[in-house]
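Hello,

Here is the structure you were waiting for. Please open it alongside this message; my notes follow below.

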Amino acid sequence: MNPIPVRPTQHIAHARDFDEWRTQARQLLQADIPPASVTWQDGEDSHADLFATPSSSAQPPPAQGSSSPIRIGRDQLTLLRNAARYRTGGVDQGADQPRWPLLYQVLWRLTRGDATATHPADADGRVLHQRWHAVKREAHHMHAFLRFHRRDDALGERYIAWFEPAHDVLDLGAEHFADRMGGSRWIIATPEGGVSWNGSALDYRHPCPDSWKAEARAATDRVNGDEDHTLWRTYFASTFNPARLNHKVMTQHMPQRFWRHLSEGDLIPAMEAKARHGGQRLAQETSVGQRKGKALPSGRAALPRGPSGEK
Amino acid sequence: MELIDKLSILADAAKYDASCASSGAPKRSSRGKAGLGSSSGMGICHSFTPDGRCVSLLKVLLTNFCLFDCQYCVNRRSSNVPRARFTPEEVVRLTLSFYRRNTISGLFLSSGIIRSSDYTMEQLIRVAKLLRETHQFRGYIHLKAIPEADPKLLEEAGRYADRLSANIELPTLTSLKTLAPEKELGTIHAAMGHMRQGIDAANDDARQDARQPIRSGNPRRQAPRYAPGGQSTQMIVGADATDDRTILQSAQHLYRDFRLKRVYYSAFSPIPERPAGLPQAAPPLLREHRLYQADFLIRSYGFQAEELLNAPGNLDLEIDPKLAWALAHRDDFPVDLNRAEPAMIARVPGIGLRSVQRLVDLRRLRRIRYQDLVSLRCRLDTLRPFVVTQDYRPTDAHQDSVRLRQNLTAPQPAQMALW
């Protein structure tokens, strides 16, 4: 039995991403280090820790521990991995718990037989599920609201997009668009990372190259897009039913922070205003209603009778 | 006419069809292949218009010329609307262009009836065929089925489309005869029957394939799919005096007999120069909302239509159908969450399907307490009279339903805003 130390040793662990965290966590678990004795740092091992206490009490996690493997369920691992994509410290996120200590706390409980640690009714589990839900939602937002603009280059057809994800979902979006776009070449630029697809392979860059950022932002902000840009905006305006105006439901599904980079975003306030001021009586789009109409004469080419002879 | 004008007219003409889902397609990908497009079973809403409706597919009519004169329809023969017609190539161009920009996940194509039902159906198929075979498009395609069309054409349509639909529009013989005399309820049912047979046969083949080891990597060796996303339909609400009980019974019958994936309920929206006999009121959106809630209870919660409405009339507008049922069946409550069957827990007002699953998972590990309902964010005010946990029994379980209902519904404002 180990003697109880007079002063508890504090371990420092570094992780930049989930896989690094996992390696560190495995070592700590195998050495039986409880969560309270670990300080987690976002970043590489080589970076100095600005808030380090005198180094005599700080130790990196032991490299060798007991050899028994740590096992958790695959669903639980997915939950941890996806909750780790959540970016804490944003405007809406308030006093968020940092991710690595939370994940280690949950992992610690799981390996001690407390399966409720990942259940949504549990205090820790609830945070994980909320984060995973937010991450899933943001990935879905990326699939839905990202807009490609066509910008051919010397090699031919090419597409570029600007997107500002609230969480680390760039790879989830990139895989989706690789399936979708087939052989077309494209680039996605975000404030943090970027990714390009040359028709057969994904190329991730962190940080995103400035040239990509500049071109993507220019393509998105330019008001005078090409002919198909105008066609899309025409479609959007026409498919709207003013008799069913419902601002609340629209903004619940499509948060306003995305409107800026949508090809149709600037149309929305005008469409709403028009609907409110009288256009709400009819479902028909007003510009269509103003065109010349055409009633068709009856008795034109009678329909063939059905198989039973009835009409 | 310019393409942009055609698009403006034919998108406006198509907005009355509520079905727009891009879900239910099998997994497809264009990675490493010629062509473009993917699908994954889950739909994507690429944008939302200010009516709160999702823009998921390019939803247009091939043409809004029409031989029929259905009274509720803006495109009816006698209507004075601007008319237009796309060429199949124009629809293909729009679909591919919008798809690459990531503004849609596929195409929803319907049409007015021109020349004949067969001819119209052939034109729709032509668009789908161009997309699938010439452009190797693997995104979503939803085609309307023209009910009088030759069953062979319906069969062909199913090979290219992920979903097919024939709209019932009005659930009874009488209302159809009054408002759409050229349509036949029997013909629509027959078309749905053909589609169901095709879908069932393809599903059987797919199951057979799944049982055998994969013989080759060539997907053409496997059985061809037929509308893998199934079929759906739509009913118009509020165009005539048909009540909710009739609508729900009709929907239940359609789900059972034709194995539809979805029934859509579309509140009748005012159209220009509407014929006499059709209401000029704002669309009955709250009534439509209650029908969707009831529909969901039938499809996913195990309710029968007769349980929700056992007499002629409409669903309660003030409270949702699940709460209405609970208030009328107090003998089944309170439900002990630690002992009851999941299907009964699902009938507790304020507890949704996801929470039911989570509670059932949790009670394998430990006893459920009231705090768990708080953590799972169930609707506490609603469920309180109806549940028992390890540490909680309701105090108002013996209160009569009238009083309970009063307590549960918020005080009504003087004017009820119908959105």
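Chain A has 311 residues, and 36% of them count as buried. Please keep in mind that this is a predicted model. Chain A holds ten helices and eight strands. I also looked at how far apart in sequence its contacting residues sit. Among contacts in chain A with a separation of 6 or more, 66% are between residues 24 or more positions apart.

**The sheet in chain A**

Start with the five-stranded sheet. It is open, its order is β4-β5-β6-β7-β8 of chain A, and its pairing is mixed. The edges are β4 (149-150) and β8 (202-205) of chain A, each of which pairs on one side only.

Now take β5 of chain A, residues 158-162. On one side, β5(A) pairs with β4(A) in the antiparallel sense, over two bridges. A:His149 has A:Ile160 as its bridge partner in β5(A). A:Arg150 has A:Tyr159 as its partner there. β5(A) also pairs with β6(A): these two run parallel and are joined by five bridges.

Is β5(A) enclosed or open to the outside? Four of its five residues are buried, so β5(A) is largely enclosed by the rest of the structure.

A helix also lies on this sheet. It is α6 of chain A, residues 210-221, and it lies across β4, β5, β6 (185-189) and β7 (194-197) of chain A. The helix α6(A) runs at about 90° to β5(A).

**A:Asp152**

A:Asp152 sits in the loop between β4 and β5 of chain A. Why does A:Asp152 count as exposed? A:Asp152 has 10 C-beta neighbours inside 10 Å, and a residue counts as exposed with 12 or fewer, so that is the class of A:Asp152. Leaving out residues up to four places away in sequence, A:Asp152 touches A:Glu157 and A:Arg158. A:Arg185 is 33 residues away along the chain, and its C-alpha atom is 9.5 Å from that of A:Asp152.

**Where chain A meets chain B**

How many residues of each chain are in contact across the two chains? There are 68 from chain A and 70 from chain B. On the side of chain A, the elements that give two or more residues are α4 (123-145), α5 (170-181), α7 (227-239), α8 (247-253), α9 (267-276) and α10 (286-290) of chain A. The most come from α7(A), which gives nine residues. By class, this side of chain A has 31 nonpolar, 22 polar and 15 charged residues.

Chain B has an open sheet of six strands. The order is β3-β4-β5-β6-β7-β8 of chain B, and the pairing is parallel. The edge strands are β3 (58-61) and β8 (262-267) of chain B, and each pairs on one side only. From one strand to the next, the twist averages 20°.

Inside this sheet, β4 (residues 106-110) and β5 (residues 140-144) of chain B pair in the parallel sense over four bridges. B:Leu109 has B:Leu143 of β5(B) as its bridge partner. Helix α1 of chain B, residues 3-14, lies across β3 and β4 of chain B. The helix α1(B) runs at about 95° to β3(B).

**The two domains of chain B**

Chain B is divided into domain 1 (3-210 + 226-272 + 281-308) and domain 2 (321-408). Their centres, taken over C-alpha atoms, are 38 Å apart. Nine residues of domain 1 of chain B are in contact with six residues of domain 2 of chain B. On the side of domain 1 of chain B, α8 (285-300) and α9 (305-308) of chain B are the elements that give two or more residues. The largest share, five residues, comes from α8(B). The residues on this side of domain 1 divide into four nonpolar, three polar and two charged.

Best wishes

Terms used. Residues are numbered from 1 along each chain as its sequence is written. Chains are lettered from A and ligands numbered from 1 in the order in which they are written. This is a predicted model: local features need pLDDT of at least 70, side-chain atom pairs count only at pLDDT 80 or more; totals for chains, interfaces and linings use all residues. Domain bounds come from an automatic or database domain assignment. Two residues are in contact if their C-beta atoms, placed from the backbone, lie within 7 Å. Ala, Val, Leu, Ile, Met, Phe, Trp, Tyr, Cys and Pro count as nonpolar, Asp, Glu, Lys and Arg as charged, and the others, Gly among them, as polar. Two strands pair if DSSP finds at least two bridges between them. Axes are lines fitted to C-alpha atoms, for helices over the stretch in contact, and angles run from 0 to 180 degrees between N-to-C directions. A residue is buried if 20 or more other C-beta atoms lie within 10 Å of its own, exposed if 12 or fewer, and partly exposed in between; C-beta atoms are placed from the backbone.
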